[in-house]
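Dear colleague,

Please find the structure for your review below. My notes on it follow directly after.

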Amino acid sequence: MASSSLSRGLLGYRVNAVGLVASAVILFWLFIALFGGQFTPYPPGEIVDFDYFGPMSGQYWLGTDYLGRDMLSRILMGARYTVGISVAAVLISCFLGVVLGMMAAVIGGWLDTCLSRFLDALNSIPSKLFGLVVVAGIGSSIPVLIGVLAVIYTPGAYRFARALAVNISTMDFVTVARARGERTPYLITQEVLPNILGPVLTDMGLRFVFIVLLLSGLSFLGLGVQPPNADWGSLVRENIGGLSFGAPAVIMPSIAIATLTIAVNLLIDNLPVRIRDRSE
Amino acid sequence: RATAALAQTPVSGGHLKAAGWSASTADTLDPAKASLSTDYTRCCAYYNRLTFMKEDGSIEMELADSIESGDAAVWTVKLKSGVTFHDGKTLEAEDVVFSLQRHLDPAVGSKVNSIAKQFKEIKALDPQTVQITLESPNADLPTILAMHHFMIIANGTTDFSTANGTGAFVSEVFEPGVRSIGKRNENYFKPQKAHLDSFEYFAIPDDSARVNALLSGDIQFAASIKPQSVRLVESQPDFVLSITTGGNYTNLNARMDLAPGDKAGFVEGMKYLMNRELIQKSALRGLAEIANDQPVPPMSPFHNAELKPREFDPERAKSLFEKAGLLGQPIPVVASEAAASSLDMAMIFQQAGAEIGMRFDIQRVPSDGYWSNYWLKAPVHFGNINPRPTPDILFSLLYASDAPWNESQYKSEKFDRMLVEARGELDTARRKEIYDEMQVMVSNEAGTGIPVYISNVDAHAGKVKGLLPNPLGGQMGYAMAEYLWLEA
Amino acid sequence: MASFVEIRDLKLGAVTDSGRDIDIIKGVSFDIAEGEIVALIGESGSGKTTIAMTLMGHCRPGCYVQSGAVVVDGKDMVQLSERQRAAMRGTEVAYVPQSAAAAFNPCKRLLDQVVEVARIHKLMPMDQARAKAVELFRALALPDPETIGQRYPHQVSGGQLQRLSAAMALIGGPKLVIFDEPTTALDVTTQIEVLRAFKSVMTAGGMAGVYVSHDLAVVAQIADRIVVLRGGEVQEVGTTQQILHDAQHPYTRELLAAFHPVPHAAVAPAPQAAPVPALEVVGVTAGYGPVDASGVPHKLALRDVGCALEKGRNLGVIGESGSGKSTLARAIAGLLPPSSGSILLGGKVLAGDARQRSKDELRRLQIVFQLADTALNPARPVGDILGRPLSFYHGMKGAAREARIVELLDMVRLPAAMRHRLPGELSGGQKQRVNLARALAANPEVILCDEITSALDTVVAAAVIELLKELQRELDLSYVFISHDLSTVQAICDEVMVMFAGEKVEHLPADRIHGGAQHAYSRLLFASVPKLDTGWLDGLSRDPEFSAALARR
Amino acid sequence: MNPQVVSLVLGRLGVAVITLVIVSFIVFAATEMLPGDIAQILLGQAATPEAVAGLREAMHLNDPAILRFLRWLGGLLQGDLGKSYANNMPVADLIGGRLANTLKLAAVTSMFAVPVALFLGITTAMYRGSLYDRAVNTLVVGVISVPEFMIATLAVLVFAVWLHWLPALSFTGDTTTLMGLLKAYAMPVITLSFVISAQMIRMTRAAVVETLKMPYAEMTLLKGASKPRIVLRHALPNAIGPIVNAVALSLSYLLGGVIIVETVFNYPGIAKLMVDAVSTRDLPLIQTCAMIFCLGYLILITIADVIAIVSNPRLRK
Ligand SMILES: Nc1ncnc2c1ncn2[C@@H]1O[C@H](COP(=O)(O)OP(=O)(O)OP(=O)(O)O)[C@@H](O)[C@H]1O
Ligand SMILES: Nc1ncnc2c1ncn2[C@@H]1O[C@H](COP(=O)(O)OP(=O)(O)OP(=O)(O)O)[C@@H](O)[C@H]1O
Ligand SMILES: [Mg+2]
Ligand SMILES: [Mg+2]
């Protein structure tokens with residue numbers, strides 16, 4: 001019947017060790033994404049070694065890839081794309097999905113029916129077909145890539161958020177707010193959202209992982225990141241042949257992906273909590 | 001590490017599972033429509049051609065007993081006797097007429113319609129003799145007839161859900177995009193029948209999956225593996241690599257009727273900026289021969305050995321680009337998985353450009369639709385050309401002013417004239433002379449940069465024997481089924 | 001005499017999210033003998049529920065036992081392992097929760113849930129358990145005892161559910177039963193039936209009991225001894241007679257005194273000054289479920305109800321559970337648009353649907369929901385909950401808003417530190433007061449109060465009533481006061497209306513409810529109000545006229 | 001079953017049908033927007049313009065799109081899926097065997113993954129906050145962070161190439177023994193399970209944790225019930241709605257999303273068929289495949305919705 005806690009306070013927030021480590025990892029990758037380009041020992045497209053799938057060495061810290069390019073430089077450059085695109089796409093898709101889902105649940109009626117049918121229909125279109133049509137229709141660039149990812153992942157976020165919000169929106173406290181005359185924006189942000197935030201964030205964490213991985217699939221369609229740069233998923237994919245030699249070229253980007261995605265999910269599970277009663 | 005086939009006596013029997021690299025529901029048993037390597041391999045197993053090109057590039061008779069002509073315009077084909085189709089019907093001249101004539105029918109959708117156009121008239125003189133009259137003389141006809149599309153099918157065939165041919169195997173199972181199984185044809189007309197009891201062929205498009213399937217023993221033959229997988233196969237004791245360098249190449253094309261290819265100097269600069277050695281060593285892991293921007297491969301008797309490949313000379317390229325007023329301007333270069341190794345080549349090219357202040361923006365595009373949407377269309381793009389048996393076919397397909405696949409929109413009246421002249425020339429020495437000059441013209445004038453000829457590497461289990469390299473491509477020019485045997 | 005339960009120097013604490021400990025129970029000790037019923041009474045938030053829970057060896061999330069012993073039948077619940085405690089629960093000690101509606105799994109049949117204790121502890125064959133359950137249903141005066149178990153929780157009324165949860169606690173034949181305010185949700189007539197049933201079953205089984213309540217009259221009927229708690233400490237322990245008639249501790253006296261509230265001295269009506277009623281309800285019909293072609297809902301909960309409320313005066317609404325009291329409040333507030341009839345605020349017709357009312361109309365008419373549990377957003381601290389109407393209606397910000405929040409909390413007798421708590425960390429009565437404070441924050445003209453004192457002890461309830469009266473004097477407010485507690489209604493209302501099955505059956509001045517009632521049901525209702533007298537309940541059973549009326553209902 | 005449930009279920013089905021019609025329109029429009037002239041692609045580069053025009057005419061490609069849509073929809077309704085452009089075989093024949101393969105793989109995977117995922121989701125909810133819970137959660141995220149093709153390739157390398165325990169290819173055309181079948185399916189099933197389980201585990205856990213916070217769960221604890229009993233008998237029946245939704249969404253991936261697994265194990269399923277069809281611009285085939293995916297998805301979420309409705313006794317009466 002006792003409870004203990006490893007946590008400690010920080011600027012009015014309670015954080016725990018796991019959350020701290022996770023945020024450190026995320027900050028590290030964010031830093032690399034922003035400034036990593038400055039530290040690349042070689043241009044990411046230059047073939048520096050006639051050998052391929054080279055081991056880690058003093059000269060090539062993370063070995064070389066299938067063409068003999070420096071892996072460290074490629075990972076440093078790839079961070080920009082992986083982190084940037086995934087973060088943007090996950091934020092857009094979750095924002096859209098969650099906001100629309102909550103609106104559908106709170107407003108209900110025709111809006112709910114139409115939105116649900118439309119997004120269900122969208123969700124059932126195979127993403128490859130969708131990607132191809134988009135490339136053909138509006139061409140390829142990083143914003144288009146982000147848009148495609150967002151469109152692919154919005155219906156899922158919507159369905160999930162709506163299911164949660166429907167339960168909340170029938171609760172008395174929402175009725176109280178309605179009786180007070182509150183408008184939909186307040187209802188969804190202040191009354192519904194705080195009560196579904198936990199599962200929604202969990203869902204967002206998973207979605208982030210899926211998006212990081214889908215990136216490499218879409219680059220096959222020519223969407224987005226153009227050579228010589230590549231996102232981490234594509235780095236794993238283009239060097240997959242090195243797996244049988246245990247080449248760092250395939251293992252290192254995998255580790256980069258894993259550290260980033262696990263850190264994001266751990267941080268979501270261990271978010272800092274605002275300490276409500278301070279001095280009193 | 002090419003394999004020299006040891007002089008061993010072939011053993012009969014066994015079931016061979018072999019995997020190619022491309023498959024789709026468009027898989028077909030109709031030789032006219034065959035367009036993928038898997039189609040070729042299947043057609044070779046089930047059908048025969050009139051002639052066959054051997055590993056040294058010489059022509060051997062297959063269904064034909066002889067092919068002769070006095071003026072290279074009217075050809076008489078005598079057929080072997082006693083050849084039967086799988087359904088029991090005997091091979092007659094009418095079958096040959098039907099098989100060749102159908103390429104001219106647009107409804108068939110033949111892939112070699114443009115080559116077949118030179119057949120002015122095809123008629124049966126008697127059940128064993130066919131006469132082919134050409135629009136204009138062409139000394140290469142026996143070689144042309146060795147192309148995979150000119151397989152002989154039974155007169156009147158329209159249903160290709162199974163294959164009724166004369167080949168060494170009888171089609172048992174055919175599921176497009178999935179697999180096919182053929183059983184040995186016990187009535188095969190050649191004295192040496194197929195060695196294998198049965199031959200199963202399917203495609204594993206994923207390169208590492210194909211290699212892994214071979215290494216795990218699921219298949220005994222993996223066609224065309226990527227250079228990067230070579231090391232893995234080499235490290236295993238029981239597997240053998242078979243390397244053939246045919247005329248397959250991936251080239252960088254600049255259309256000379258569009259910017260920037262229309263600016264004098266761009267094309268030449270582009271050729272000087274291609275680091276052929278690096279492409280050969282890094283992108284292709286040495287499994288390639290350096291080429292000199294023209295399509296006739298070294299193993300062809302008509303190859304111009306005098307024509308040396310251009311040196312990698314960035315400085316010279318720089319001054320050429322500068323003269324063209326293009327230095328520093330962004331130039332999009334379209335590449336795709338669809339054209340083998342083109343992305344790697346593009347990157348090497350881009351990097352070389354970056355060092356002299358040229359900005360090449362690589363546009364990676366989907367392999368779906370690449371050939372219809374980007375190839376031949378984009379101002380600067382990559383292409384990938386499969387081996388063709390004769391310089392005539394190569395030039396008329398790719399460089400003649402009216403060539404359907406004129407990748408750089410190269411136009412030269414002189415070239416066109418020489419092409420016709422060489423075609424009708426029965427004197428081989430004179431032909432070689434003309435072709436030599438044409439190769440120089442293409443190398444210097446056309447907007448196609450051909451850095452290397454890419455070798456084809458087939459990998460197979462050590463107990464698979466009988467494989468010989470062939471200029472028409474890997475898998476013995478796709479005709480391996482008939483010749484392979486399994487060590488007991 | 002060896003006691004069945006011995007609580008020794010029990011101390012409980014909770015950890016706040018800054019890691020600070022707060023003491024909730026500060027060294028409580030008392031005993032319960034075998035077969036004895038002990039009542040826990042005291043201030044709202046004094047730790048009654050918390051102590052009752054420890055008898056089960058259970059703490060709410062966030063709370064923990066600091067020290068002390070809770071010995072039940074020779075075993076210290078604090079020291080036992082979770083498995084040993086599980087073995088005790090249901091067989092030795094059983095619990096009847098405060099809110100029966102919340103305690104039943106909505107998707108399982110009632111009978112299965114009732115006999116589950118027997119199944120868990122393998123007490124008897126299932127057939128026998130079912131038979132025993134039916135027997136209990138009969139003993140607890142449930143209708144259709146044979147078949148009621150086949151229903152789902154939402155298919156029975158609140159009063160029935162409360163009895164079913166008692167059956168659930170009693171089926172394992174426990175030696176100690178804990179009742180946590182088991183009758184607060186019931187109207188007085190139902191309450192009588194339930195109390196009787198409890199008493200007879202417990203006497204028959206020789207069970208000991210802990211009865212948590214703030215209703216002294218109810219406690220008087222059922223308890224042998226009373227423990228008076230305040231601020232986590234025992235103030236006084238004594239037999240029921242002793243406490244009721246000869247209380248020593250000043251706090252106990254305070255509680256007792258507050259039980260008899262000062263009857264409401266109606267503010268002298270000024271008919272000439274205010275010709276327009278503050279609120280008028282005209283022929284309202286409303287209900288739930290799908291509406292048919294003529295716009296009438298499938299299930300009618302209000303039929304042609306009308307009433308008027310003069311400015312500065314109060315209307316009490318009483319009636320049986322399920323008679324439509326809350327529905328009336330919802331219809332007035334615009335949450336359940338009536339299918340016919342109209343609602344006038346200050347003489348102006350309001351739209352049926354709250355969404356079509358103006359912000360000012362909404363501000364002037366506030367509703368306090370009956371179920372404080374669900375009416376407070378569990379994810380937002382109390383300060384935010386109270387602050388929102390302040391900024392929404394009055395545009396208050398920053399320090400002014402903060403000051404007003406503290407002021408509001410103080411008005412409902414809550415400490416300022418409460419504003420950082422989440423609703424889940426409040427006791428039942430504390431939630432109810434936050435709920436009221438939120439309505440006050442809007443500075444309304446009319447407040448619809450739905451059972452706002454049901455979970456409050458007499459002292460705090462009296463204070464809240466006093467507050468309402470004071471506000472009324474200052475600001476000329478009007479209240480619609482829904483309650484089943486007649487003494488409270490009497491304490492504040494000028495007029496009383498009685499509802500029965502969705503209809504208004506009686507409307508009379510508050511001072512005439514005894515004697516003035518015409519309708520048979522109202523008379524029964526008024527007669528059912530328990531008296532602060534230990535023999536009242538037993539006396540009733542001997543009154544044939546009353547029993548007959550109760551049975552006829 | 002009471003009429004209310006029947007009408008609710010019928011309503012759901014009606015909604016599914018309407019969605020299907022919307023979807024068919026979107027699919028048709030999307031395939032129309034794919035670049036490249038079909039006749040041109042079919043005839044190859046060397047085709048003459050006249051031949052292309054003739055083929056377009058023969059294939060009714062010159063008709064207005066809406067007419068072709070209606071014709072196609074009409075065909076679909078009569079069970080006529082049309083003929084493949086690429087090799088003139090009836091689409092139904094091309095798809096038949098492949099669809100069976102995909103369904104087989106999906107069935108085996110769900111039979112394996114769903115129980116495991118539910119077990120993990122429920123047990124982590126039961127012991128939430130424990131070391132076990134944290135370990136499983138981190139592991140789950142870790143596993144899905146590894147690209148699918150990497151898991152698949154690694155599995156092949158280890159189990160097929162190095163250990164020779166399992167075949168590298170999963171084409172089961174000529175395996176007849178049960179053991180052979182198990183071996184052939186082992187790696188694709190495990191790879192797919194890794195991919196689809198994460199969402200089911202995390203969402204099951206979230207749903208069960210939510211219901212465990214309900215007062216009746218606490219009440220059951222006070223009846224002396226063990227943790228497993230509280231979770232299985234009380235929390236789970238109430239959490240079934242969100243759980244079946246998560247399961248349905250995950251399983252819908254098994255129809256169209258398995259392209260990587262089909263590629264690496266060379267399993268002839270419908271996802272690869274669709275990719276092939278896209279590259280050959282075989283419109284009837286693309287449209288049929290896309291419709292199959294949509295239909296599968298809609299069937300799954302409709303089943304989930306119906307289960308959610310039926311499991312709620314307020315509607316079951
Ligand atoms: N998690 C918590 N953190 C801090 N304080 C808490 C927490 N949970 C309960 N409390 C406090 O513990 C005290 C005792 O609560 P309890 O529910 O036992 O009161 P009660 O006597 O049953 O009151 P009521 O009659 O209002 O139901 C209250 O003051 C409450 O605010
Ligand atoms: N959402 C609803 N759907 C269907 N019926 C309902 C709903 N809410 C209430 N009812 C029914 O309407 C009737 C009136 O309910 P109401 O809540 O007004 O009763 P009440 O008088 O406030 O009772 P209590 O004293 O128990 O609060 C009851 O029979 C109840 O079962
Ligand atoms: Mg309490
Ligand atoms: Mg009510």
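C:Ser326 has a relative accessibility of 23% and therefore counts as partly exposed (buried is under 20% relative accessible area, exposed over 50%, partly exposed in between, with a 1.4 Å probe and protein chains only). This is a predicted model, in which local features need pLDDT of at least 70 and side-chain atom pairs pLDDT 80 or more, while totals for chains, interfaces and linings use all residues. Residues are numbered from 1 along each chain as its sequence is written, chains are lettered from A and ligands numbered from 1 in the order written, and side-chain values use heavy atoms, without hydrogens and water.

The OG atom of C:Ser326 and the OE1 atom of C:Gln370 coordinate the magnesium ion (ligand 4) at 1.8 to 2.1 Å. Donors are N, O and S atoms within 2.8 Å of the metal (3.2 Å for Na, K and Ca); water is not among the atoms, so sites may look incomplete. Because C:Ser326 belongs to helix 12 (residues 325-333) of chain C and C:Gln370 to the loop between strand 16 (365-368) and helix 14 (372-375) of chain C, the pair ties together parts 44 residues apart in sequence. Helices (H or I, at least four residues) and strands (E, at least two) are DSSP runs, numbered from the N terminus. C:Gln370, at 32% relative accessibility, is likewise partly exposed.

In chain D, residues 177-196 are 95% helix and 0% strand, with end C-alpha atoms 28 Å apart. For residues 285-310 of chain D, the span is 100% helix and 0% strand, and the end C-alpha atoms lie 37 Å apart.

Kind regards
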